[in-house]
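Reader: I would like to go through backbone geometry and helix packing in a model. Please start with the backbone.

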Amino acid sequence: MLNTGSNAPIEGDKSLERALGHQVRMLRRERDLSLADLAAAAGISHGMVSKIENGQISPSLATVNALARALNVPITTLFAAFEESRDCSYVKKGTGVVIERRGTKVGHIYELLGAGIRGETVLEPYLITLEEEAEAYTGFRHAGVEFIFMLSGEVRYHHAGQDYHLKPGDALLFDAEAPHGPRELITRPMTYLSIIAYPRQ
């Protein structure tokens, strides 16, 4: 697995082992077998079965095959809980859903660029366009954090009592629970990427 510059923790390398262990435990319990029963039937130690069910070791193919025989299932069944698939949201240019957010003023266009990703954190990426008739508004407040990246135009952006002069290429990351928004629209129209992240309720 290639690392990026992110400090986000890398998903553990034991995901396959955990999935295998979960499946073995589920099948064992469905058959009303104890750890000792399964160990005896598979011809492996009680401790080995326990470690496998807890995803602590990578068992050999021979051991996995012995477990499958003892549980009377095809070996592929033991890997059924392991899924490589991950959510992905793909939006072609110009096809994002236009959202009218609470507090939005005339001339503020929000185009949602992705949605539907599962997980503990909700991520809302918007392409925001402030048109010629757009008005300044600094009363936005919502949960989470927000990241802004200027693409075109020029704005003086307000956050928590301080203003930031943003030009194309500039970025701003802030606590979105504090009042924020464009205080002065210097060059219109303008566009910027806004990514909002907050815990899923």
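Reader: Where is D32 found?

Author: D32 is found in the loop between α1 (15–30) and α2; helices (H or I, at least four residues) and strands (E, at least two) are DSSP runs, numbered from the N terminus. This is a predicted model, in which local features need pLDDT of at least 70, side-chain atom pairs count only at pLDDT 80 or more, and totals for chains, interfaces and linings use all residues. Residues are numbered from 1 along each chain as its sequence is written, and side-chain values use heavy atoms, with hydrogens and water left out.

Reader: What is the phi of N72, and where does N72 lie?

Author: N72, also not a glycine, has a positive phi of about 60 degrees. N72 lies in the loop between α4 (61–71) and β1 (97–99), and is exposed at a relative accessible area of 68%.

Reader: Which residues does the cis peptide bond join?

Author: R188 and P189, with omega at about -5 degrees. P189 is in strand β7 (residues 180–199).

Reader: And helix packing?

Author: Two packed helices are described by the angle between their axes and the distance between the axes. For α2 (residues 35–42) and α3 (residues 46–53), the axes come within 8 Å and cross at roughly 110 degrees.

Definitions and conventions: Axes fitted to C-alpha atoms, helices over the stretch in contact; angles between N-to-C directions. Buried < 20%, exposed > 50% of the residue type's maximum accessible area, 1.4 Å probe, protein only.
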